[in-house]
Amino acid sequence: MFLLLPFDSLVVNLLGISITVLFTLLLVFIIVPAIFGVSFGIRKVYMKTLLKIFQWATLRIERGAKEKNHPLYKPYVNGIIAKEPTSLEEEIKEIRRSGSGKALDTPEFELSDIFYFCRKGIETIMDDEVTKRFSAEELESWNLLSRTNYNFQYISLRLTVLWGLGVLIRYCFLLPLRIALAFTGISLLVTGTTVVGYLPNGRCKDFLSKHVHLMCYRICVRALTAIITYHDRENRPRNGGICVANHTSPIDVIILASDGYYAMVGQIHGGLMGVIQRAMVKACPHVWFERSEVKDRHLVARRCDSRWLQGLTEHAQDKSKLPILIFPEGTCINNTSVMMFKKGSFEIGATVYPVAIKYDPQFGDAFWNSSKYGMVTYLLRMMTSWAIVCSVWYLPPMTRQPEEDAVQFANRVKSAIARQGGLVDLLWDGGLKREKVKDAFKEEQQKLYSKMIVGSHEDRSRS
């Protein structure tokens, strides 16, 4: 028994040295650079190396499938049905002409008109441009994650060994490292904002609050191995304005807040998120609200705080207040499109600073499918991905024109974000993720067809 004591002491010493060295490397190469907002370029080298490996793996899969005559699944990036931008009237006119040879001004309803609505219904079922925005984006190349490729199967020993090595690296090295960084960042955020919250209002408190937030968010960005490219930083949101961005994931907040200081508007959460929210609001004028409240949008717009906030409108119009960060879609979309913006953010007449966020799904899918995964599962998937790579574009500020209403202004901002980010601009409401189609959408098609029929009767009566 006594012979084992020197060996045990040696193991303990080696373990202690290893932990000390690991913590020192973590502090020197990740935490300290994150605090000062600098980078050694290690992540970009890591990203380029991964790209070369992914390209080789994809070519190997294609060659192996060709040798074994296995069909490869190819995602339909632009949909499976080619659609031309035509109106209801034009399409029905074409159906009538090809079917019976009658013109559009036929006095009564034509039975052939039914085929237009039948075709539209079948097209929607086969190639639904809305529902597919709420599922993960499909990849054309393999990134060594079995969750992202339908062609994952045994091809060769080298490819299988490479995949297994990737699993070991992601779960045995990257995951513990990222958990340690996330714990460090969150702990510092909760502790720092709580302490700063006890300071009297003034420049000192604002200065410390800003740098505590930036420091902690940058550490959290490192916890995801996030590689972010910011474009046109001269257009970054300024005080007294509203920053609006497309919404893909809860980490959108971290991505933007690691490069700017914002007052945030969002839903009240429980658990760990609730603890973080309560700590943050002590140091910075964030606005949290209950989504279950019937008139939550109006309550947020009118909510006041006796010390710093007289309401969302007053906050946005005060040039000394922080820019407000809002995601007008109201839900997460899979980063292939931008869906309808809620008009509330565009009614208060403040300067809007649009921001487009585009993720690269090759390294990890940032989309949060909240109907399929809980927050813990989602974060585990993020931390076991290779990296989170994205580009952020700060667009020039936009203001509401005199002839515009809030809806038109929201659509103009949405179109600018979609165009810059290379996203599909959709008019559909993201609320369809959890709700049925509103009757108003159905009635709109009925009104268009009714107007076409009634209009032809009116023209005929005049003649």
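1. A salt bridge here is a side-chain nitrogen of Lys or Arg within 4 Å of a carboxyl oxygen of Asp or Glu. With that cut-off, Arg233, Arg236 and Asp259 are linked in a network of salt bridges. The model is predicted, and every value below is computed from it.

2. Arg233 and Asp259 have their closest N and O atoms 2.2 Å apart. This pair links distant parts of the chain, 26 residues apart. Arg233 sits in the loop between strand S1 (226–231) and strand S2 (242–245). Asp259 sits in the loop between helix H7 (252–257) and strand S3 (263–267).

3. The second pair is Arg236 with Asp259, where the closest N and O atoms are 3.5 Å apart. Here too distant parts of the chain are joined, at 23 residues apart. Arg236 belongs to the loop between S1 and S2. Asp259 belongs to the loop between H7 and S3.

4. Arg233 is partly exposed, with a relative accessible area of 40%. Arg236 is also partly exposed, at 33% relative accessibility.

5. The structure holds five salt bridges. One of them is Lys414 with Asp425, the closest N and O atoms being 2.3 Å apart. Lys414 is in helix H12 (residues 406–421), and Asp425 is in strand S9 (residues 424–425). The two residues are eleven apart. Lys414 is buried, with a relative accessible area of 1%. Asp425 is partly exposed, with a relative accessible area of 35%.

6. Check the backbone at two residues. Most residues other than glycine have a negative phi. Thr225 has a positive phi of about 50° although it is not a glycine. Thr225 lies in the loop between helix H6 (203–223) and S1. At 12% relative accessibility, Thr225 counts as buried.

7. Asn335 also calls for a look. Its phi is positive, about 65°, and Asn335 is not a glycine. Where does Asn335 lie? Asn335 is in the loop between strand S5 (324–326) and strand S6 (337–338). With 3% relative accessibility, Asn335 counts as buried.

8. Helix H5 (residues 157–197) has 41 residues. From its first C-alpha to its last, H5 reaches 57 Å, close to the 60 Å expected at 1.5 Å a residue. H5 has a kink of about 40° at Leu174. The kink comes shortly before the proline Pro176.

9. Now the cysteines. How many disulfides does the model have? The count comes to zero. Cys172 is exposed, with a relative accessible area of 55%. Cys332, at 6% relative accessibility, counts as buried.

10. Last, the totals. The protein has 13 helices and nine strands. Of its 463 residues, 43% count as buried. Among contacts between residues at least 6 apart in sequence, 76% join residues at least 24 apart. The accessible surface comes to about 26200 Å². Carbon and sulfur atoms account for 62% of that surface.

Definitions and conventions:
Residues are numbered from 1 along each chain as its sequence is written. This is a predicted model: local features need pLDDT of at least 70, side-chain atom pairs count only at pLDDT 80 or more; totals for chains, interfaces and linings use all residues. Side-chain values use heavy atoms; hydrogens and water are left out. Helices (H or I, at least four residues) and strands (E, at least two) are DSSP runs, numbered from the N terminus. The expected span of a helix is 1.5 Å times one less than its number of residues. The bend at a residue is the angle between axes fitted to the seven residues ending there and the seven starting there. Buried means under 20% relative accessible area, exposed over 50%, partly exposed in between (1.4 Å probe, protein chains only). Contact means heavy atoms within 4.5 Å. Accessible areas come from the Shrake-Rupley method with a 1.4 Å probe; for residues, only the protein chains shown count as cover. A disulfide is a pair of cysteine sulfur atoms within 2.5 Å.
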